[in-house]
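Subject: Structure handover and first findings

Dear colleague,

I am handing over the structure below, together with a summary of what was found in it. Please keep the view open beside this email while you read.

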Amino acid sequence: MQAILPPAMLGILGGGQLGRMFVTAAKRMGYRVTVLDPDAQAPAAEFADVHLCAAYNDAEALRTLAASCAAITTEFENVNADAMRELAKTTRVSPSGDCVAIAQDRIAEKAWVNKAGLPTAPYLAIESVEDIQVELAPYLPGILKTARLGYDGKGQVRVNSADEARAAYANLGGQACVQEKMLDLKLEVSAIVTRVSPEQLSVFPVAENIHKNGILDESIVPARIAPALAAQAQQMARQLAEALDYVGVLAVEFFVLADDSLVINEIAPRPHNSGHYTIDACVSDQYQQQVRAMCGLLPGRTDLLSPVVMVNLLGDVWQADGGEPNWNVLMEAPNAHLHLYGKKHARPGRKMGHYTVLATDVDAALEQARALKETL
């Protein structure tokens, strides 16, 4: 793959916070960036060279993007995969539209994970009402998840019986779903892999992730698991990226079970919320890796420079009248780093920013990170 060098124009589908962090990484590296996003106030547009304010499937905007950009990527998996396949006919696109399509659909995603020889929780693919009339005991108690468009806990219903599962399926409108057995979890972790080719591949340190109400709350790095288990998670992420012939940044989320075994929960064909810590705590960050992968460059070093805890900032910590939280104590902490996403309106559950705390060990970082959150 021929390297794309600065000051080439790069394109990204999506202008949210992940796009914003991609743009700032690319700009620091000397590239120019075009963002395609229908929101006139898209956070990434503030820093981009060009903002195409149009729908993701707008034919004219896609033609402009393809004609002006040396390579194109995406910041979210629910972009039109066919649009990415079309763009790939005339310019470099990573990840591929095929890989994005797999990550968009839980049925396809789990099938590919198993095809790669990797474990998932026991699940049943439900694509018609007949599919849910079978014996469901092997998948109960469980979670009924929509096959598409579910994230941050959306499109998921806990069910304890076959009757509850069938009722939940009906309430979801009969759309394609996955009935997944709930497992005895010890904790959740994630590994983020960057792959350019079979010889050019790197994985960030494994993050331990704590969720609240289905949304990531804290990431703790290094994860508080045995080093051998962390190495196994990294190897599984590599194995999946190889099976997909993936080019780009791929986030792989795992369940750590009570017996210390690993199963893959979900994948994301892009940088990930649990990888925000890399901006402040690693030699390279996941957004620089995204740039390097799409430009055909060797992935950067992923060494962890310091134990770190990342805390998400949701709209819940903003004042009822929209006023800013009290940033004073956080800003005065010399080992804390605040990252705000430039969103104009805060609302409960909306990701507005994050901060990281770097310390000599994860316990100290976690204690300080939680104390700082109390001040907000």
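With which residue does R63 form a salt bridge, and how far apart are the closest N and O atoms? The partner of R63 is E60, and the closest N and O atoms of the pair are 2.9 Å apart. A salt bridge here is a side-chain nitrogen of Lys or Arg within 4 Å of a carboxyl oxygen of Asp or Glu.

Before going further, please note that this is a predicted model, in which local features need pLDDT of at least 70 and side-chain atom pairs count only at pLDDT 80 or more, while totals for chains, interfaces and linings use all residues. Residues are numbered from 1 along each chain as its sequence is written, and side-chain values use heavy atoms, with hydrogens and water left out.

Salt bridges

The structure holds 20 salt bridges. R63 and E60 both belong to helix α2 (residues 59–68), where they are three residues apart, about one turn of the helix. Helices (H or I, at least four residues) and strands (E, at least two) are DSSP runs, numbered from the N terminus. E60 counts as partly exposed, at 47% relative accessibility; the terms used are buried for under 20% relative accessible area, exposed for over 50%, and partly exposed in between, with a 1.4 Å probe and protein chains only.

Helix α3 (residues 81–87) holds both R85 and D82, which are likewise three residues apart, about one turn of the helix. Their side chains meet in a salt bridge of 2.6 Å, N to O. R85 is partly exposed at 33% relative accessibility, whereas D82, at 51%, counts as exposed. D82 and R85 also belong to a network of salt bridges that links them with D98.

A further salt bridge is formed by R301 and D303, with the closest N and O atoms 2.7 Å apart. In this pair R301 is exposed, with a relative accessible area of 57%, and D303 is partly exposed, with 31%.

The parallel sheet

Five strands form an open sheet in the order β3-β2-β1-β4-β5, and the pairing is parallel. Because β3 (50–52) and β5 (92–93) stand at the edges with a single partner strand each, one side of each is left without a neighbour in the sheet. Two strands are said to pair if DSSP finds at least two bridges between them. Strand β1 (residues 9–13) and strand β2 (residues 32–36) pair in the parallel sense over five bridges, and L13 stands opposite L36 in β2.

Strand β10 and its partners

Strand β10 is largely enclosed by the rest of the structure, because 10 of its 13 residues are buried. β10 pairs with β14 in the antiparallel sense over 10 bridges, and R195 stands opposite G248 in β14. Three bridges join β10 to strand β12 (residues 207–212), and these two strands run antiparallel; the bridge partner of E188 in β12 is N209. β10 is also joined by four bridges to strand β11 (residues 200–203), again running antiparallel, and a hairpin of two residues connects β10 to β11.

The nonpolar cores and a buried charge

A nonpolar core is a set of buried Ala, Val, Leu, Ile, Met, Phe, Trp, Tyr and Cys residues joined through side-chain atoms within 4.5 Å. The largest one has 30 residues, of which V189, L240, F254 and I264 touch the most other members. At least two residues of this core come from each of α4 (97–104), β10 (185–197), α7 (227–243), β14 and β15 (262–268), and the largest share, seven residues, is supplied by α7. Apart from this core lies another, of 22 residues, among them L10, V33, A71 and Y341.

Leaving aside residues up to four places away in sequence, the contacts of E253 (heavy atoms within 4.5 Å) include V189, H211, I264 and H272.

With best wishes
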